[in-house]
Amino acid sequence: MATTVRRAVLTLPAAPLGPENPLPGLRPLDEQHVVDERSRTGLPRDMARQIGYEPLRTLLPVRVLDGYGRERTPTDLDAIVIENDHLRATVLPGLGGRVHSLFHKPAGRELLYRNPVLQPADFALNGAWFSGGLEWNIGATGHTTLSCAPLHAAIVPAPDGGDMVRLWEWERLRDLPFQVDLWLPADSEFLYVGVRIRNPHERTVPTYWWSNIAVPEDEGTRVLAPADEAWHFGYARSLRRVPVPDAHGDGVDRTYPLRGDHPADYFYEVPRDARKWIASLDAGGQGLVQTSTDRLSGRKLFLWGAGRGGRRWQRWLTEPGTPGYAEIQAGLARTQLEHVPLEAGAEFSWLEAYGPLAADPRAVHGEDWPTARAQAGARLEEALPRARVDAAYEAWRPYADHEPGQSLAAGAGWGALEVLRGGLKLPGTPFDEATLGEQQRPWRELLHSGTFPDRAGGAPTPPGPSLVAQHWRDMLETAPAEPLTEYHLGVAQWHAGDVAQAVRSWERGLKITRSRWPLLRCLAVADLDAGNAGRAADHYAEAFEDLCRERGDGEEWAAATAALGREAIGALLAVGRADAARAVWEGLPPEVRASGRFRLAEAQLLAAEGDKEGARALFGAGFEVPDLREGAEVLGEVGASVSDEPLPDAYDYRMRPPAVE
């Protein structure tokens with residue numbers, strides 16, 4: 001059959017994402033993927049330099065997604081299907097452009113780990129993420145903020161004369177447009193993926209990319225890559241060079257994901273001149289291989305391990321009885337802890353290929369590692385020669401600028417706003433003004449009139465999203481000093497690292513507004529950042545009281561109440577003010593207090609009040625915290641503070657070995 005591209009509907013049991021968190025992300029959520037300073041000693045200079053190059057200080061301008069639960073109902077998802085005689089790829093443009101499935105038709109087998117449910121969990125840089133398939137991670141260390149966001153999608157001409165699917169969006173953490181072009185040549189067993197990241201600014205920008213491939217795992221699964229060494233990164237936050245396959249000198253071959261006990265990353269040290277590839281093969285020597293042009297030089301294995309915590313996380317991300325998975329990945333640097341400079345006006349581009357691989361199982365699973373990886377590399381060269389990948393990249397490059405034809409899906413309006421502001425020309429990735437929406441409206445008015453619209457005369461609502469790039473900050477600084485202007489200006493100044501000016505802007509705003517809680521909450525975060533926990537608690541208590549006086553009905557107010565209440569309770573308990581924390585608790589709506597997030601907060605509150613029996617009863621009754629953060633150990637910590645009994649399996653999410661707890 002000729003290659004076809006069509007729209008489809010995929011129905012999955014899914015938990016709704018819920019509303020955005022209205023509180024600005026003044027601090028990053030991720031505390032796991034940070035290298036201990038002592039580990040940097042002795043690293044290669046380029047790696048050490050890129051690890052220290054502009055890590056995120058905030059999540060701005062992106063909002064946190066933490067309003068989801070764990071109740072799943074059958075949900076229709078828009079999909080795009082690309083198909084030829086050999087492969088069928090199913091893409092979800094409304095969920096980060098995730099390739100949900102890559103089905104090899106002759107063998108009748110799925111090449112990816114295909115999650116049977118859509119269950120958000122707190123793994124992305126901004127919260128909501130889901131496991132499975134093939135995802136495109138851009139922005140900064142971690143899962144992209146676009147994990148659960150819509151991308152623009154359209155059909156464009158493919159280099160072989162057929163149709164190609166283009167996905168594109170504006171990545172907001174680094175203010176960079178990017179595109180992902182997917183096509184299946186008519187007789188190809190490999191899905192080709194052309195990727196381009198452009199820097200339209202007059203400054204160098206830190207850049208990050210990792211293609212993340214979830215693959216099925218069982219006792220016979222082995223991951224192979226052309227390397228004899230790897231950089232091991234675990235949840236103890238240390239980075240060290242180890243041999244492959246016996247990474248820790250304990251006789252355990254961790255190229256088999258289920259042979260390790262604890263979750264860990266292994267970033268392979270692929271020789272500069274070697275072909276770039278990684279494969280996951282089962283006991284019979286069959287599975288998936290990914291290869292690319294040399295720009296995408298990094299390769300990685302992430303394994304959950306066979307320990308209790310890793311298995312618990314696997315069940316948390318899918319449903320009981322589902323086979324486990326590992327992740328094989330490909331990125332711009334040797335490790336995911338690095339950001340790579342992209343010069344002003346420049347771009348990064350490369351081509352990837354995904355397809356089936358069959359190798360001699362005796363060689364692949366033999367004890368001799370060089371023979372195993374050489375066998376997989378040779379079978380790859382037979383199936384898809386390196387020269388063919390390089391030629392496909394060169395053939396694709398002229399098509400990267402082709403303007404999209406038939407639209408398949410629409411993304412957000414932030415890219416259109418940036419193109420409008422900068423008068424940018426981005427061939428191949430149009431950001432149409434028709435995509436501008438209500439969230440962009442006040443910023444478009446600021447751009448055209450020099451004034452940020454206030455809410456005077458209208459019903460009170462939580463402030464909308466802030467923009468923080470220098471050009472928007474400059475506009476806010478020259479706009480009339482209205483309450484919302486001071487609020488957004490302070491957020492932009494905070495993002496820029498100008499803490500003193502941010503605090504002054506928020507304090508000026510307090511003097512001229514009746515809606516005090518957004519500014520008080522920002523000041524509370526600034527207090528925490530400065531180490532003044534007592535004053536932060538005061539500001540949080542006042543902010544929550546003011547919100548309760550002002551709040552109205554609707555989803556946005558409910559989200560603001562829950563988010564601020566949760567932060568306030570934590571800040572008050574941290575300084576021993578259980579009575580004030582209890583007052584905040586009592587001010588929450590009953591349906592909020594009944595949720596798993598606040599069952600945990602209630603257990604912490606009861607423990608602080610000395611009612612350990614009441615806290616143990618909550619654990620005994622059972623609760624789930626839907627947005628438990630990757631690597632979080634709070635359940636174990638609270639459980640241990642109220643009981644000497646071993647932590648029940650349902651609450652064990654520990655990802656570190658006991659020696660580093």
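Which residues does T145 touch, not counting residues up to four places away in sequence? In this predicted model, where local features need pLDDT of at least 70, side-chain atom pairs count only at pLDDT 80 or more and totals for chains, interfaces and linings use all residues, T145 touches V62, L125, N126, E171 and L173, contact meaning heavy atoms within 4.5 Å. Residues are numbered from 1 along each chain as its sequence is written, and side-chain values use heavy atoms, with hydrogens and water left out.

T145 is found in the loop between β8 (134-138) and β9 (152-157), and T145 is buried, with a relative accessible area of 9% (buried means under 20%, with a 1.4 Å probe and protein chains only).

Two nonpolar cores, each a set of buried Ala, Val, Leu, Ile, Met, Phe, Trp, Tyr and Cys residues joined through side-chain atoms within 4.5 Å, are listed below.

| Core | Residues in core | Some members |
|---|---|---|
| Largest | 86 residues | including L102, W136 and Y268 |
| Second, separate | 65 residues | including L417, W506 and F544 |

To the largest core, strand β24 (residues 347-358) gives the most, with six residues.

The axes of helix α13 (residues 555-574) and helix α14 (residues 578-587), lines fitted to C-alpha atoms over the stretch in contact, come within 8 Å and cross at roughly 170 degrees. The two helices α13 and α14 are therefore roughly antiparallel to each other (angles over 145 degrees count as such). In their contact, G565, A568, I569, L572 and L573 of α13 meet A578, A580, A581, V584 and W585 of α14, and by class this contact has nine nonpolar, one polar and no charged residues.

Terms used. Axes are lines fitted to C-alpha atoms, for helices over the stretch in contact, and angles run from 0 to 180 degrees between N-to-C directions. Helices (H or I, at least four residues) and strands (E, at least two) are DSSP runs, numbered from the N terminus. Angles under 35 degrees count as roughly parallel, over 145 as roughly antiparallel, 65 to 115 as roughly perpendicular and the rest as oblique. Ala, Val, Leu, Ile, Met, Phe, Trp, Tyr, Cys and Pro count as nonpolar, Asp, Glu, Lys and Arg as charged, and the others, Gly among them, as polar. Buried means under 20% relative accessible area, exposed over 50%, partly exposed in between (1.4 Å probe, protein chains only).
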